[in-house]
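Please keep the structure in view while I speak.

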Amino acid sequence: MNATPEAALDTAAQFSPQGEVVMDCKLDKIFYGDFLAVRSSDVPIEKGKITGFIGPSGCGKSTVLRSLNRMNDLIDIFRFEGKVTYKGQDIYGKKIDPVVVRRYIGMVFQQPNPFSMSIFDNVAFGLRLNRFKGNIEEKVEKALQRAALWNEVKDKLKNSGLSLSGGQQQRLCIARAIATEPDVLLMDEPCSALDPIATRQIEELMLELKERYTLALVTHNMQQAMRVADTTAFFGVDISAGGRTGYLVEMGNTKEVFENPQEELTRQYVAGEFS
Amino acid sequence: MSNAELTAAAQESELPSLNRQILERRALKSGLLTTLTWIAAILASIPLFSVIYMLVVQGGARVDLEALTALPPAGFEMGGGFGNAIVGTLVMVGIAAIVSVPLGILAAIYLAILDPSSKIASLSRFLAKVLTGMPSILAGVFAYAAVVLLMGTYSAWAGGIALAVLMLPTVVLTAEEALKMVPQRMKDAAFGMGCTRSQVIWKVVLPTGLPGVVTGVMLAVAGAAGESAPLLFTALFSNYYISELAEPTASLSILIYNFSGMPFDNQIELAWAASLVLVLIVLVFNILARLFGQPKV
């Protein structure tokens with residue numbers, strides 16, 4: 001086995017998912033200005049599973065994740081070449097409205113980012129945005145329950161979302177994201193700002209959420225990927241072309257990737273030889 | 001030496017003295033500087049408190065229902081008040097706020113969010129900063145040329161627009177600061193929920209930055225309420241309650257200016273009382289600014 005980029009490409013292409021693929025990311029190149037940030041990576045995301053993205057800093061795993069609901073469009077110099085299909089439609093297609101894409105493909109961020117409004121209004125935000133006509137109270141309660149936060153906040157729904165602890169804020173953000181019933185939930189290192197107990201709660205929550213939603217998770221923490229991800233994509237950094245360009249090294253069942261990696265680079269990374 | 005003496009000596013050599021040395025150079029210097037800052041702080045607040053003291057002593061007795069509601073007295077007449085001036089000031093400040101607040105907030109949205117680094121943005125930011133330092137009488141000159149000459153009469157409109165010109169830069173700059181304070185992560189969250197850019201601004205950025213925006217508006221209003229120069233040749237003065245916006249209008253600051261120069265005790269007392277009322281109005285706006293100004297971020 002060698003770890004040259006070409007070999008990595010071959011293996012990456014070999015991963016064939018078993019289940020239904022909700023989102024298929026076939027990216028060719030991602031640029032920030034002239035800088036090639038990520039190159040040729042195929043990342044299929046299966047329905048009802050948790051797909052973990054791991055890799056060293058600067059490998060582009062967050063960039064790839066944020067490309068999946070066009071969050072990167074907010075960065076002026078960002079340029080995407082390739083295709084991301086969601087249920088067969090290319091979300092980078094000419095007729096696609098990124099605003100609508102984001103209503104189906106929700107996102108949870110690294111830093112808990114509740115709005116400066118009450119807990120209730122935070123969760124109801126997306127419902128009101130979509131002019132939801134039904135019973136908002138019921139929907140909010142359900143979302144908070146699914147986010148395992150209801151019991152802690154049911155008596156103080158009028159308090160500011162910012163009055164909660166970090167872990168609670170992150171669960172509030174998850175409740176806010178799932179209140180509108182998105183199809184796919186992208187999570188960009190959702191536990192990196194949290195303590196171990198809050199992290200464990202969010203991980204348990206992710207395992208429950210995958211019953212209803214498809215999850216994609218970027219994490220710095222290999223143990224976390226092992227604990228929750230069904231499929232793991234390992235990204236590496238290629239410095240051969242001068243810059244630091246990320247690419248998909250290997251993707252497969254989490255157990256396989258960690259216990260029997262096909263690539264030397266993956267083996268070194270999961271063994272903790274570099275980070 | 002006995003055993004006990006030995007231990008005592010050993011302890012003395014090992015343990016540094018941690019006691020406070022009041023007469024040490026460093027301690028003396030520190031004490032001196034602390035005292036100096038105290039004195040400076042007290043000196044700095046003397047003008048403010050002496051002004052308020054004078055106003056309460058000289059004007060407090062005349063602030064009654066008659067002073068607050070009656071019309072200004074003529075020459076040797078006794079009694080009277082400045083009700084029309086209070087109404088006039090509030091009306092003109094209201095006109096100024098209605099003109100400058102929406103315009104200022106929209107401009108702030110452009111400067112803070114839409115295109116902060118464009119040439120238009122940096123130019124208007126620079127001009128706004130220049131305008132904050134502009135002598136207020138120039139706002140009056142502008143309104144005289146733009147409104148009084150056009151309408152052919154002194155009016156509340158002209159006074160209000162002169163005050164609006166003065167308020168606008170303060171509103172723009174403070175609102176811009178407040179909107180810039182809204183963390184990027186909240187905007188990201190809103191975009192991630194599927195908000196359009198205008199929804200992000202109206203539903204997240206403005207509500208979050210609102211306390212700061214309100215503070216800026218209140219301070220601008222307080223400043224405008226106390227202005228006299230821009231009203232001198234725009235609103236002029238009137239001895240009657242305002243009946244329409246297109247006629248000369250009384251204001252507290254002009255009334256104070258007029259009455260304080262008169263040779264009649266009654267008018268001079270009323271000028272003191274009007275000054276106190278004006279300070280109280282400004283104070284109320286300042287307190288409101290503080291109450292709303294608790295940032296929510």
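I begin with a residue in a loop. This is a predicted model, and in it A:E181 has 17 C-beta neighbours inside 10 Å, so this residue counts as partly exposed. Where does A:E181 lie in chain A? A:E181 sits in the loop that runs between α7 and β7.

A:K87, which is not a glycine, has a positive phi of about 50°. A:K87 belongs to the loop between β4 (78-86) and β5 (89-90) of chain A. With 14 other C-beta atoms within 10 Å, A:K87 is partly exposed; the label follows because a residue is called buried at 20 or more such atoms and exposed at 12 or fewer.

Let us now turn to chain A as a whole. Its secondary structure consists of 11 helices and 10 strands. The C-alpha trace spans about 60 × 45 × 35 Å along its principal axes. Why may one call the chain compact in its radius of gyration? A compact globule of 275 residues would have a radius of gyration near 19 Å, and chain A, with 19 Å, agrees with that. Of the 275 residues in chain A, 47% are buried. Among the contacts in chain A with a separation of 6 or more, 72% are between residues 24 or more positions apart.

Helix α8 of chain A covers residues 196-209, which is 14 residues. From its first C-alpha to its last it reaches 20 Å, close to the 20 Å expected at 1.5 Å a residue. Which residues of α8(A) are buried? They are A:T199, A:I202, A:L205, A:M206 and A:L209. Viewed down the axis of α8(A), these buried residues fall within an arc of 120°, and therefore they line one face of the helix. Their packing partners in chain A are β3 (50-54), α7 (166-179), β7 (184-188), β8 (214-218) and α9 (222-228). On the face of α8(A) turned away from the buried side, the exposed residues are A:P196, A:I197, A:L207 and A:E208.

I move next to the contact between the two chains. How many residues does each chain bring to this contact? Chain A brings 17 residues and chain B brings 16 residues. On the side of chain A, α3 (98-104), β6 (105-108) and α4 (119-129) each supply at least two residues. The most come from α3(A), which gives four residues. Sorted by class, the side of chain A that touches chain B holds 10 nonpolar, five polar and two charged residues.

Finally, I consider chain B. Its domain assignment gives domain 1 (21-62) and domain 2 (65-292). The C-alpha centres of these two domains of chain B lie 32 Å apart. Their contact takes seven residues from domain 1 of chain B and eight residues from domain 2 of chain B. On the domain 1 side, those residues divide into three nonpolar, three polar and one charged.

Within chain B, B:R197 is placed in helix α9 (residues 197-225). B:R197 counts as partly exposed, with 15 C-beta neighbours inside 10 Å. The C-alpha atom of B:R197 is separated by 9.3 Å from that of B:K187, 10 residues away along the chain. Thank you for your attention.

Notes: Residues numbered from 1 in each chain as written. Chains lettered and ligands numbered in written order. Predicted model: local features only at pLDDT ≥ 70, side-chain atom pairs only at ≥ 80, totals over all residues. Nonpolar A, V, L, I, M, F, W, Y, C, P; charged D, E, K, R; others polar. Domains from an automatic or database assignment. Rg over C-alpha atoms; globule rule 2.2 N^0.38 Å. Expected span 1.5 Å × (residues − 1). Arc of directions from axis to C-beta.
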